[in-house]
Amino acid sequence: MSDIFEGLGTASEGGLFARALEPETGAKKPHPDQPEKCLNCDTPLVGAYCHACGQQGHIHRTIAAFMHDLLHGALHFEGKLWRTLPLLAFRPGGLTRRYIEGERARFVSPMALFLFTVFLMFAVFQIMGFTAPTNLSGDEVVERGVEEARDTAAGELARSREMLATGDLTQDERAALEDRISAMERLLENEPDAERTIMEDFAAGFVDGAQGDDDVTGSTGEDVESPVDEGDDEPEVRVDLSEETREGTGIGFIDKQVAKWTENPSLMLYKLQANAYKFSWLLIPISIPFVWLLFFWKRRFRAYDHAIFVTYSLSFMTLLFILASVAGLIGVPSALSTLAVLTIPPVHIYKQLRHTYEISRFSALWRLLVLSIFIWIVVALFVQLLLLLGTF
């Protein structure tokens with residue numbers, strides 16, 4: 001229940017952010033009860049808003065009007081939202097071109113729409129329970145490693161018993177194998193000392209399940225030679241990776257990240273998720289240079305045009321992802337949702353490219369193919385930035 005309220009609060013927060021960037025347009029009739037002069041700057045009013053300071057002419061002081069403003073501002077329910085969304089979905093290139101050329105009061109600005117969709121997406125995730133796990137800890141990660149070791153030990157125990165029963169072993173080899181069997185039996189019985197012994201054996205590479213091991217190491221720590229092919233005198237080299245892990249890579253930035261993820265993976269996952277939507281706007285400046293590369297020889301198109309293209313495109317993709325998530329929750333077959341997520345984005349980008357930049361089908365197609373590669377580069381750079389931000 002708390003996730004639902006937190007999700008609604010996140011959506012409202014996104015609406016308020018978008019509202020700050022997208023104030024109400026002046027295409028509104030004067031209120032019959034508004035004063036003759038602006039109450040803020042005393043300028044004579046000639047419309048619903050003051051042409052000098054922009055304040056609305058009619059000022060109310062009722063709680064009902066306050067609640068109306070709250071819903072209106074938070075949820076952004078107004079006429080131009082419904083004029084923007086259909087064009088964004090079915091005629092994205094036309095919407096982008098019209099906005100670039102100056103037809104802006106009719107539509108929600110790209111940045112306002114992007115902010116609202118991003119906050120809405122994470123609000124939906126909160127409501128649906130798609131959040132970072134909070135029950136992970138460094139101890140649990142270690143415990144999972146121990147459980148995996150136990151599973152491996154169970155299989156190795158069966159093979160070792162078979163070797164002991166049927167193998168042609170010397171007396172020393174048999175003694176060493178019995179020690180291994182005893183240690184693995186104690187591990188499976190949850191004895192702490194046995195866990196340490198087996199984990200050390202695994203790290204050193206002695207328990208590999210093969211009959212042709214060069215060495216057999218028992219719980220006593222004594223190495224016993226096993227039969228090997230004559231002439232095979234090449235020494236075996238083993239590295240204790242646990243020691244390397246403790247010492248680190250020597251690169252401070254990487255070691256700091258590894259230490260934080262090891263000590264508190266739950267906190268790091270939460271920070272990664274929080275940073276993903278707090279800094280989602282970074283996708284825009286990261287993407288603009290790559291779109292510019294597709295048109296750098298065409299002086300007609302400027303960086304501003306690419307910014308509008310990218311921002312509207314990201315807004316649509318976010319809305320599509322929200323719809324796909326909700327569709328899965330209400331029982332729509334996952335195959336259908338997956339098909340939509342895989343097929344709709346390239347078609348949408350193709351249409352937006354073609355009509356925004358007014359290019360031919362072939363030009364839009366090859367740019368779509370190149371942009372598809374650029375998208376993966378942008379995503380990789382964005383993830384790297386999130387990891388970087390998570391270390392501070």
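In this predicted model, leucine 353 touches a group of residues that lie beyond its neighbours within four places in sequence, namely Phe295, Phe309, Glu358, Ile359, Ala364, Arg367, Leu368 and Leu371. Leucine 353 also belongs to the largest nonpolar core, a set of 34 residues in which Val291, Phe295, Phe309, Leu353, Tyr357 and Leu371 have the most contacts. At least two residues of this core come from each of helix 5 (110–128), helix 12, helix 13, helix 14 (334–356) and helix 15 (361–390), and helix 12 gives the most, with eight residues. Apart from this core lies another, of 14 residues, which includes Ile100, Phe107, Tyr312 and Leu320. In soluble globular proteins, nonpolar side chains tend to be buried together.

Turning to charged side chains, the model has four salt bridges. One of them joins glutamate 358 to arginine 300, with the closest N and O atoms 2.5 Å apart; this pair links distant parts of the chain, since glutamate 358 is in the loop between helix 14 and helix 15 while arginine 300 is in the loop between helix 12 and helix 13, 58 residues apart. Another joins arginine 97 and glutamate 101 at 3.7 Å, N to O, where arginine 97 is buried at 9% relative accessible area, whereas glutamate 101 is exposed at 56%. Finally, Arg98, Glu103 and Arg106 are linked in a network of salt bridges.

Definitions and conventions:
Residues are numbered from 1 along each chain as its sequence is written. This is a predicted model: local features need pLDDT of at least 70, side-chain atom pairs count only at pLDDT 80 or more; totals for chains, interfaces and linings use all residues. Side-chain values use heavy atoms; hydrogens and water are left out. A nonpolar core is a set of buried Ala, Val, Leu, Ile, Met, Phe, Trp, Tyr and Cys residues joined through side-chain atoms within 4.5 Å. Buried means under 20% relative accessible area, exposed over 50%, partly exposed in between (1.4 Å probe, protein chains only). Helices (H or I, at least four residues) and strands (E, at least two) are DSSP runs, numbered from the N terminus. Contact means heavy atoms within 4.5 Å.
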